[in-house]
Amino acid sequence: MAKVELKNLTKKYGEVIAVQNMNLTISDNEFLVLVGPSGCGKSTTLRMIAGLEEISGGEIFIRDQLVNEKDPKDRNVSMVFQNYALYPHMTVEENLGFSLKIAKVEKEEIEKRVRDAVQILGLEELRKRKPSQLSGGQRQRVAMGRAIVRRPDAFLFDEPLSNLDAKLRTQMRTEIKKLHQKLKTTIIYVTHDQVEAMTLADRIIIMKDGYIEQIGSPIEVFTKPANIFVATFIGSPPMNIIEGDVIRKENKLIIKIDDEINLECPQKIQSSLENKNKIYLGIRAEDIMPKETSDYTNSNWCFQKSINLAEPLGTETQLFFTIKNKEIISRMYNPKDVKVGDKINFQIDSNKVHFFDAETEKTIF
Amino acid sequence: MGRNILRSPIMLLLPSILAIGFVIIIPLIFSFYTSFTSYKLTRPDSLFNFVGFRNYERLIDNTKFWYAFGRTILFLAVVLNLELLFGLGIALLINKITWGQRTLRTIMMFPMMFSPILVGFQWKYIFNDNIGLLNNFLYLFGYESAIPWLIDKYLAMGSIMVAEIWANTSIFAILLLAGLLGIPRDPIEAARVDGCNSWQVFKNITLPFLMPFVFIALTIRSLDVGRAYDIVHIMTGGGPAMRTELLWTMIARIGYKDANMGFANAMSYVSIILSIAFTYYFFTKLVAARRELGQQ
C-alpha cells in the first residue's frame, strides 16, 4: 500500500493535449475517483500511472520512487480494465494466479492467495471455468480478483462497471466499496459516472479537457462546486443554471431573471455582486420547491410558472418548466397529480443558490 | 398438381446436380476406375482392360514411389515449419511499426505475384553452378570452386526448398498479421501490468490468440506445398537421379511421359491420403486452439 504522486504530469498526442500539468498526491489507502466527460484525460492519466502510456512531461512517484522510466511490470500496481481483459484461454484460477506464476511465487503460496481471492469474491463455483462461460458480473469479479492476488501498491480501475447493466452496476459498486474497506489499499478509480464517483470516493477529482476542475470530498464538490462545469456535472438531475442581470434599484441589488422574476439579492453576497452586471445562478432541482401558497411575489424568491412536463418517479416528481427558453427542473417531494399546463408556485431556497461569474464561470460565493 | 410438386424441386436442383456431376463426380469415378485398369494414354482401348488391384500391388512394392512419398513428407515438414517461422517473424515485425505499414505489406507480397514457373526459372539461374548469381557472389569472397547447387543430391533438395520458402513465406506473414491485428489490446496490457516482459506476453497471450491463424495457414499451405510440381519440374526436373522427385512430379512423369495413366491414378489415390492426413491433423488442432480461447 503506498502513496502515489503526480508532478506536472503532461500528455500530448502531437499538438493535442490530453493531460496538462497535473499535480496530485494520492495518500495511502485513499479511494480517489477521477471523473469527467469522455476525452477529459482521466483514462490517459490512469494509463500513465500504470505505465501503459508514455509520459510527455512531468513525474510519477509510487511509494516515493520515480517510475517514469519503469515498465508496467516493475511498478507493482494492478489494473482492472473496462472490458475485463481476462485471458480467454485460462480458467478463472489460472487467470487469478497468472501474475504470481510470472513472478515465480511458490506454488503453495499461489494456491493460498488464489483461494483467498476466490473466497473474498464468491467465485468458488466458477474456479475451473473459462471466461467465455462467465456472465459480465462474474468476469468483472475475476478481473478484480486478478488485481487482488498481487497485493499491489495501488489498484487502478478503468471504468470497471460501464459494461454492466444498471442493477449489477449498483451491486458491484457496493462490493468495490466493501473491498476497499477490507483491503485498505490505495485505489485510483476512473469513471464518467458521477454517481459512482460520489458513492465510492474519499476524494473526487473532476477533470475536463486535460485540466483538473476541482478536487474535493464528494460532499464538498456537491455543495461547493468551483465552477459551472462541476456544478452541472455532479448531481442528478444536473444543477439548473439561470442567467440573471444585476440591477441597482434604491440602494438595493436586484437580480432580474426575466420580466416576471426579479429577485432581491441576499445581504451576504451583495458586496461581491456590486461591480457586476450579469451573473449565473445555479440552483439544484431540490432547491426550487413547489409551494402551496398564494403569495408568489418575488420578495421571498417565489414565482409562478406553468409546467411543460411532469415525470413521476415515486418518491418524487420532477417538474419541468422554462425560464428564458431554458429548461428548468424542480423536485416535488410530496407528489400529487400535476398536469401539463398547470400553473405552479415555486420558491427558491435563497441560502442554497450558487452564484457564478458570467465571464469566468467560477463560483463567486 | 401432385406431379408438379414432385417435379419442380428436381428441376430446381438439376443445374447444381449436373454441374457437380460433370466437375467432380464423373472425373472422380472415372479416375478411380482407371486406377483398376492398365489404361495407357497412347492406347485408348486399354481403358477397358480391367486388372483389379494390380496397379496397387505394384505400387506397394515400388520403392521409388515410397521414397517420393517420404521425400514429400520431408519437403512439407521443412518448408511448412520454416515458412511459419519466417512468416511469424515478419508479421511480428510489421505489426510493430506504425509508419509505412501498408507499403511494407504490399512489398512483402511481391513474391506471391509471380507464377511458380517463373520463380522456378529465376532460382534455377540463381543456383546455376556456372553462371548463377550465388556462385558468382561467393566467388567474390574467395570460394573459387563452384558449388553444384542443383546437381548435388542433398543441395538440390535444399535449393528447391529455398525457392519455395522465398515465394510463399509471405502467405504465412499475411495470414498471421491478420491474426495479430485482430488480437484485443486489453489482455496484452493486462499481462504487461501483471508483470510480463515482452517474451512472456508473446508466449502467454499473443501466441494462444494466434494459434487458430497458425493452423488455418498450415492447412492451406500443406495442401499447396503437398501438390508441389511446377517449381521442382523447372528447377531440377526431379533430378539428379530422382533425388528431388516428389509425389506429383513422379505421378506426372508416369502418367504423361510414360503414358501409364492407370498406374499414375493409383498413385494419386494413395497420395491423397497424405493431404487428407495433414488437413485432418491441422483442422483438429485448429478446433482445439479455438476451444482453448473459448471461441467454440
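Mentor: Let's start with chain A, where 6 strands form an open sheet in the order E6-E7-E8-E3-E9-E10, with mixed pairing. Strands are DSSP runs of E, at least two residues, and helices are runs of H or I, at least four, numbered from the N terminus. Two strands pair if DSSP finds at least two bridges between them. This is a predicted model: local features need pLDDT of at least 70, side-chain atom pairs count only at pLDDT 80 or more, and totals for chains, interfaces and linings use all residues. Residues are numbered from 1 along each chain as its sequence is written, with chains lettered from A and ligands numbered from 1 in the order in which they are written.

Trainee: Which strands stand at the edges?

Mentor: E6 and strand E10 (211-216) of chain A; each has a single partner strand, so one side of each lacks a neighbour in the sheet.

Trainee: In which sense do E6(A) and E7(A) pair?

Mentor: Parallel, over 4 bridges, with E7 covering residues 154-158 of chain A. Ser78(A) has Phe155(A) in E7(A) as its bridge partner.

Trainee: Are the residues of E6(A) buried or exposed?

Mentor: Val77(A) and Met79(A) point one way, Ser78(A) and Val80(A) the other, and all are buried (20 or more other C-beta atoms within 10 Å of a residue's own, with C-beta atoms placed from the backbone).

Trainee: Switching topic, how many residues does each chain give to the contact?

Mentor: Chain A gives 20 residues and chain B gives 16, where contact means C-beta atoms, placed from the backbone, within 7 Å. On the chain A side, strand E6 (77-80) and helix H2 (92-102) each supply at least two residues.

Trainee: And in chain B, what's the angle between H11(B) and H12(B)?

Mentor: About 160°, with the axes of H11 (residues 247-257) and H12 (residues 261-292) 8 Å apart. Axes are lines fitted to C-alpha atoms over the stretch in contact, and angles run from 0 to 180 degrees between N-to-C directions. That makes H11(B) roughly antiparallel to H12(B), the word for angles over 145 degrees.

Trainee: Which residues of H11(B) meet H12(B)?

Mentor: Leu247(B), Ile251(B), Ile254(B) and Gly255(B), and their partners in H12(B) include Phe263(B) and Met267(B).

Definitions and conventions
Two residues are in contact if their C-beta atoms, placed from the backbone, lie within 7 Å. Angles under 35 degrees count as roughly parallel, over 145 as roughly antiparallel, 65 to 115 as roughly perpendicular and the rest as oblique. A residue is buried if 20 or more other C-beta atoms lie within 10 Å of its own, exposed if 12 or fewer, and partly exposed in between; C-beta atoms are placed from the backbone.
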